[in-house]
Amino acid sequence: MRGEKAINKKGKLLGITVWLLLALMFVGCSKQADESEGQDDILSDNVIITETGEIVEKENTGVNDEETKAMATPGSTVVDAELLVEPEQEKVVTQEDQTEPQGNKLQLVFLGDSIFDNYRDGTGVPYRTGIQCEADFYNLAIGGTTAAVARDEQIGWEEWTSRSLVGMVNAIAKHIPTDIFKNDTAKTILDNPNVDFSKTDYFIVEYGMNDFLCATPLSSDSNEADLKSYAGALRYAVVTLKSVAPDATIILCAPTYAQFYNGEGNWMIGDGNTINNGYGTLFDYKGICEYVANEQQVLFFNAYQDLGINGYTAEEYLEDGIHLTDKGRQLYADALTGIILGHEETINN
């Protein structure tokens, strides 16, 4: 751990400060707050932030498909979302992943989907990255999850049900109980009193594949803080994680290149560059991740392009068009290790 973290900053930034930051980030929010002085602060047309910082969704809200659906990317093919299915993959779990502090200099926390979650046997990306960085590491990834809150999920803290990235950062910040993660490895870590997230040096955030497969809107023109859009969820996660660990470095990881097959998996219907879910291609989700990283001034890992996984190398690095082979997981871990150790060298010089 870094020995001299300003832990006292945590208390100052928790709670309502998060929402003040959000209000400053998003255009138009300050005007709404002025008009409703003495009442609940209005963050957007769809969401109310109360004086305690709780998120409350207004009735009859949801994504306006006519306003938010993107035009088809030139050269791409729009397909029905039902055809975009994540291949089932058996999860391999042993006792390799860390759940207790080991006293190493760095602390890494991984948040993501099956790319980080499926292999907890000493061959997964978080394990290999943590070992190579000689760090304490905690893997909070949950396979099948999105960054954004699903359209049919409630976002009031008292009735929270979403296991998305937004739900995970709310659990880290202790805004919601951890009961919704009872069947996930993450709950053991979240409930461990010995794990102090305020001491985190790096949050590594990897989402986007399932957002694409579930046809999550890339963003909302009317509400940049829309938690049911990919961009809005990433923004919220960054601000919330900064409130938990002000000195932490956040790395937003783009989804990796992928190839998509028909329901039986015996013929390819297209790849991340050509298949459009109605909002955009997987490459467009990469672009949104990069945009938010630049906007929020956090690190960005272009896993889509920088790993060298493409149509020519997919057979070597992808098991089923989406999930990484052992060689692919090592490739990913090596890249992350380079980013983390390179950043450490920069800030310590």
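**Predicted fold: parallel sheet and packed helices**

The mean pLDDT of the protein chain is 81, with 72% of its residues reaching 70 or more. The model is predicted: local features need pLDDT of at least 70 and side-chain atom pairs count only at pLDDT 80 or more, whereas totals for chains, interfaces and linings use all residues. Residues are numbered from 1 along each chain as its sequence is written, and side-chain values use heavy atoms, with hydrogens and water left out.

Helices (H or I, at least four residues) and strands (E, at least two) are DSSP runs numbered from the N terminus; two strands pair if DSSP finds at least two bridges between them. Five strands form an open sheet with parallel pairing, in the order β8-β6-β9-β10-β14. The edges are held by β8 (135–139) and β14 (299–301); each has a single partner strand, so one side of each is left without a neighbour in the sheet. On average, neighbouring strands of this sheet are turned by 20° against each other, direction ignored. Within the sheet, β6 (residues 106–112) and β9 (residues 202–206) run parallel and are joined by five bridges. Glycine 112 has glutamate 206 of β9 as its bridge partner.

Axes are lines fitted to C-alpha atoms, for helices over the stretch in contact, and angles run from 0 to 180 degrees between N-to-C directions. Helix α14 (residues 326–348) lies across β6, β9, β10 and β14, at about 145° to β9. Helix α10 (residues 230–244) lies across β9 and β10 (249–253) and runs at about 160° to β10.

α10 also packs against helix α11 (residues 282–296), at an angle of about 35° and with the axes 10 Å apart. Residues in this contact include Leu234, Val238 and Val239 of α10 and Ile288, Cys289 and Val292 of α11. By class, the contact of α10 with α11 has 10 nonpolar (Ala, Val, Leu, Ile, Met, Phe, Trp, Tyr, Cys and Pro), three charged (Asp, Glu, Lys and Arg) and one polar residue (the others, Gly among them).

In helix α7 (residues 165–172), eight of the eight residues are buried, so α7 is largely enclosed by the rest of the structure; buried means under 20% relative accessible area (1.4 Å probe, protein chains only). Among them are Leu165, Met168, Asn170 and Ile172. Just after α7, lysine 174 takes a positive phi of about 65°.

Key: pLDDT = per-residue confidence, 0-100. Contact = heavy atoms within 4.5 Å. Buried < 20%, exposed > 50% of the residue type's maximum accessible area, 1.4 Å probe, protein only.
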